[in-house]
Amino acid sequence: MRKPYVILIGSASGIGKSTISAELAKSLKIKHLIESDFIRAVIRGIIGKEYAPALHSSSYDAYKHIRNKSRYESYDELVSAGFDDHASYVIPGLEKIIQRAITDYDDIIIEGVHLVPGLIDIEQFIDEANIYFFILSSDEESHKERFVKRAIQIHRGGKQLDFFKENRIIHDHLLKQAEINNVNVIETESIEKTLEKILAIINKSCANVNLINSVDELEDVIDIIINENNGTLEKVTYNIKGFKEPLIRNISVSDSQSASLFIQNINENKDKKEYLSKLYALSDYRKTTICASNQDKLDKIIKELQEKGYVLNE
């Protein structure tokens, strides 16, 4: 019997995790989708406010109940510590739910702000389930726009909007913890693009393609892979003439913003463009690992690259 899927999707409030999680559940035909807020509500009914004031606060203002606040060097650290304290009460319940799903061989998606990398122990489930952990990210402007919209929808606009700064601190804290704990960070774009990025990791349809494009054509290559087909550039291997060992660069670029900044940096920096051109000249081709959300999408990417003459004909 195959291992069940356990998919965890965390983010600060207002990033879009509920929408993405619902679409992902539909796409993968997973019937169990749980919000961590529901688990928090159950635990609040068990543990009284007098024993756990942080639990009975919101994630963004739990810092108010921290004792000896002076030991934190900055407001960001204080807010993050309060958030972690708040989440720590919910995580044991989430871990019990994961274990029950595994015992019953049920696929499950859990989403919520309480999924903090490093606090939730996913290592205990590695041998029993296919674990996928994602933290959703957004630039500040897009986050604020979604945050305002969500605050209005849940009829808590005034209170929610007063704490956007704290939610942004939580956003950055989650990204930092994701990096430390090797958890996937997904930059949110449209629902379709964000979903395909996640599916590209879960389904992981990949291929090594020998590319022969020039530096000036690199923008078009990236456009085909990332912008048009929501693919991912995972790794580039340069087999340099005269060297026994290849030069390998793990890049893992999947979002349009990062790709655009990379191209902009090359075009605006003469030295970097010249260096990359020389590196290209030292090898006949570059073995590039490309991934997509499914095999059909991957085949489409490769076909379009071939039609443009960017793939070495062997």
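Contact here means heavy atoms within 4.5 Å.

A quick word on what we are looking at. This is a predicted model, where local features need pLDDT of at least 70 and side-chain atom pairs count only at pLDDT 80 or more, while totals for chains, interfaces and linings use all residues. Residues are numbered from 1 along each chain as its sequence is written, and side-chain values use heavy atoms, with hydrogens and water left out.

Back to L24. In the largest nonpolar core, which has 56 residues, I7, L8 and L24 touch the most other members. By nonpolar core I mean a set of buried Ala, Val, Leu, Ile, Met, Phe, Trp, Tyr and Cys residues joined through side-chain atoms within 4.5 Å. Buried is under 20% relative accessible area, exposed is over 50%, and partly exposed lies in between, with a 1.4 Å probe and protein chains only. Which elements give two or more residues to this core? They are β1 (5-10), α1 (17-28), α2 (36-46), α3 (75-103), β3 (108-112), β4 (130-137), α6 (164-180) and α7 (191-203). The largest share, 12 residues, comes from α3. Those labels are DSSP runs numbered from the N terminus: helices are H or I with at least four residues, and strands are E with at least two. Apart from this core lies another, of 27 residues, among them I222, V236, I263 and L298. As general background, nonpolar side chains in soluble globular proteins tend to be buried together.

Now let me zoom out for a moment. The protein has 11 helices and 9 strands, and 47% of its 314 residues count as buried. Taken along the principal axes, its C-alpha atoms fill a box of roughly 70 × 50 × 40 Å. Of the contacts with a separation of 6 or more, 75% are between residues 24 or more positions apart.

E35 is found in strand β2 (residues 32-35), and S36 lies in helix α2. Are they buried or exposed? S36 is buried, with a relative accessible area of 1%, whereas E35 is partly exposed at 32%. Not counting residues up to four places away in sequence, S36 touches V90, L94, E111, G112, V113 and H114.

On to the pocket. The largest pocket has a volume of about 750 Å³, where grid points are joined across faces, edges and corners and the volume is the space filled by probe spheres set on the points. A pocket, on a 1 Å grid over the protein atoms alone, is an open set of points where a 1.4 Å probe fits, with protein on both sides within 12 Å along at least five of seven lines; lining residues have an atom within 4 Å of a point. There are 32 lining residues, and G14, I15, G16, S18 and R150 lie nearest the centre. α1, α2, β3, α4 (140-153) and α7 each supply at least two of the lining residues, and the largest share, 5 residues, comes from α4.

Let's look at the aromatics. The whole structure holds 5 aromatic pairs. Rings of Phe, Tyr and Trp (its six-membered ring) pair if their centres lie within 6.5 Å; planes under 30 degrees apart are stacked, over 60 edge-to-face, and the rest tilted. Y238 and Y280 have ring centres 6.5 Å apart and planes at 40 degrees, so this pair is tilted. Y238 lies in strand β7 and Y280 in helix α10 (residues 270-281), so the pair ties together parts that are 42 residues apart in sequence. Both Y238 and Y280 are buried. R286 lies over the face of Y280, at 3.6 Å from the ring centre; the rule is NZ of Lys or CZ of Arg within 6 Å of the ring centre and within 35 degrees of the ring normal.

Last stop: N230, in the loop between α8 (218-228) and β7 (232-238). N230 counts as buried, at 7% relative accessibility, and is in contact with E192, K193, E196 and I225, leaving aside neighbours within four places in sequence.
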